[in-house]
Amino acid sequence: MGRCREWFLSGEHTGTTSNPSKETAMNFIKNLVLGLTLSLASLAAFAAQINLNTASATQLETLNGIGAAKAEAIVAYRAEHGGFKSVDELANVKGIGLKTVEKNRDQMTVTPAAKATAQR
């Protein structure tokens, strides 16, 4: 049984022989680089906050729990009330509750409504 194990571990059954420690190191480096790249991309995505007073409906849809209908409701509320004075005011929009506000709080911001320019 020892010879079978050695033969299998040597890679001869695949028609190629290689250095397992070198392959392991290369796979580790590839996985490390991939992991770091994905981590940085995730951080960049969260770094840009969505301004409730200037975001388009499409931008608002990127928030957790906000689909097309809720995004349009946010834009309509903003137009009707002259913009948001705080992130917490988002809970006043029909169909959006405090849980949705809390889930997205770190991804949202509000500039003073007078300075904001509404988009659709």
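Tutor: What follows covers the core, its aromatic pair and a neighbouring topic in sequence order of interest. The model is predicted, so local features need pLDDT of at least 70 and side-chain atom pairs count only at pLDDT 80 or more, while totals for chains, interfaces and linings use all residues. Residues are numbered from 1 along each chain as its sequence is written, and side-chain values use heavy atoms, with hydrogens and water left out.

A nonpolar core is a set of buried Ala, Val, Leu, Ile, Met, Phe, Trp, Tyr and Cys residues joined through side-chain atoms within 4.5 Å; buried means under 20% relative accessible area, exposed over 50%, partly exposed in between (1.4 Å probe, protein chains only). The largest such core has 18 residues, and those with the most contacts inside it include Leu60, Ile74, Phe84 and Ile96. Two or more residues come from each of α3 (57–60) and α4 (68–81), helices being DSSP runs of H or I with at least four residues, numbered from the N terminus. The largest share, four residues, is from α4.

Beyond its neighbours within four places in sequence, Ile96 is in contact (heavy atoms within 4.5 Å) with Ile66, Lys70, Ile74, Leu90, Ala91 and Val101.

There is one aromatic pair in the structure. Tyr77 and Phe84 count as stacked because their ring centres are 5.2 Å apart and their planes at 25 degrees; rings of Phe, Tyr and Trp (its six-membered ring) pair with centres within 6.5 Å, and planes under 30 degrees apart are stacked, over 60 edge-to-face, the rest tilted. Phe84 is buried at 0% relative accessible area, and Tyr77 is buried at 11%.
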